[in-house]
Amino acid sequence: MIGLFRATAAERRLIPEGRLSGPMPWVIAIMILFTVLAVASGLTLRSAAQGINADLAGRVTVQIVAADPVQQAREREAAEAMLDGLDIVASRRTLSDAELQALLTPWLGAEDIAETITIPAMIDLDLAVPADAAALDRLQQALADAAPSAQIDAHGAWLRPVFDLLGSLQILAIILVTLLVIATASAVVLSVRSSLDTHRATINVMHLLGATDVQVARLFQRRIALDAAFGSLVGVVIAGVLLLLLGRQVSRLDAGLFAAGGLDWPDILALALVPIAVIALSIVTARITVLVALRKTL
């Protein structure tokens with residue numbers, strides 16, 4: 001592909017280049033800009049979903065909701081002893097009365113609510129296995145005798161709608177990238193066809209002198225390659241600046257969903273491949289367009 005950027009002075013005179021003054025480089029720059037942003041969005045959403053899932057996949061909270069404080073304390077102690085001996089439990093932590101009070105204060109006020117209502121005992125668990133249906137069922141069966149009033153909440157289940165939303169947004173990003181690729185290829189086809197009509201007389205002379213369709217196509221490939229390379233450079237630079245500015249703003253939020261997302265080095269490498277792929281696509285599209293058009297004229 002690098003050889004396409006080299007041409008003799010005679011080859012440059014056959015199909016005069018627009019010296020980047022035509023619309024094609026700027027069209028490709030815009031396409032590259034939106035494609036890089038769409039790919040970056042998709043990769044960030046995937047990273048966020050994986051980060052959240054990794055944090056919550058094995059986390060479970062056991063609530064002991066017995067209304068009688070004495071019975072609740074007895075069930076909590078029995079549950080703690082049972083959980084310590086269960087192989088699927090990696091670690092457990094029972095929330096203190098002060099922590100429970102702090103959790104309820106925003107909704108019930110700062111008064112000592114433990115004197116008016118019975119607050120459920122809460123035990124946070126980190127499981128050694130994913131908190132899937134089988135693990136939760138085994139946990140529920142193990143707690144049935146020790147703490148009959150125990151209720152189990154898997155943290156991942158709370159965020160299921162968020163995972164569904166992230167999945168939908170990733171699909172949307174893939175569709176957007178696909179449409180941008182189609183639009184880029186269509187723009188190349190239109191540009192090459194227009195250039196073919198403009199240089200029809202020159203091409204006819206080349207054919208009379210013995211030039212093959214492949215040799216003619218190579219001239220148009222080089223022109224499109226230069227336009228695509230310049231447009232890709234402009235688009236990538238603008239997209240990089242925008243992503244850098246957005247990344248700095250997101251890093252200041254320090255919120256769970258945003259903190260879980262981000263681009264690592266494999267993602268950045270994938271983004272770097274976008275302009276290369278677009279240049280290759282433009283060259284191949286130009287070659288096919290020229291060859292098909294020339295065969296139809298024979």
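**View 1. R76 and E80 sit together in helix α3.** In this predicted model, helix α3 spans residues 69-84 and holds both R76 and E80, which are 4 residues apart, or about one turn of the helix. The two form a salt bridge, with 4.0 Å between their closest N and O atoms. E80 counts as buried, at 16% relative accessibility, while R76 counts as partly exposed, at 28%.

**View 2. E80 also meets R92.** Here a salt bridge joins the side chains of R92 and E80, at 3.9 Å from N to O. This pair links distant parts of the chain, 12 residues apart: E80 belongs to helix α3 and R92 to strand β2 (residues 89-94). R92 has 30% relative accessibility and counts as partly exposed.

**View 3. D87 reaches R138.** The closest N and O atoms of this salt bridge are 2.8 Å apart. D87 is in the loop between α3 and β2 and R138 is in helix α5 (residues 133-146), so their pairing ties together parts 51 residues apart in sequence. D87 counts as exposed, at 55% relative accessibility, and R138 as partly exposed, at 38%. Elsewhere, salt bridges with shared partners connect R76, E80, D84 and R92 in one network. The whole structure has 8 salt bridges.

**View 4. T285 is buried in helix α11.** This helix covers residues 265-297. T285 counts as buried because its relative accessibility is 12%, under the 20% cut-off. Beyond its neighbours within four places in sequence, T285 contacts A185, V188 and V189.

**View 5. A nonpolar patch lies on the surface.** I171, I175, L179 and I182 make up this patch, with about 380 Å² of accessible area together. One of them, L179, is found in helix α7 (residues 160-198).

Key
Residues numbered from 1 in each chain as written. Predicted model: local features only at pLDDT ≥ 70, side-chain atom pairs only at ≥ 80, totals over all residues. Heavy atoms only, no water. Patch = residues over 30% accessible without salt bridge, like charges linked within 9 Å, V, L, I, M, F, W, Y side chains within 5 Å. Areas by Shrake-Rupley, 256 points an atom, 1.4 Å probe, with all protein chains shown as cover. Helix = DSSP H or I, 4+ residues; strand = E, 2+ residues; numbered from the N terminus. Buried < 20%, exposed > 50% of the residue type's maximum accessible area, 1.4 Å probe, protein only. Contact = heavy atoms within 4.5 Å.
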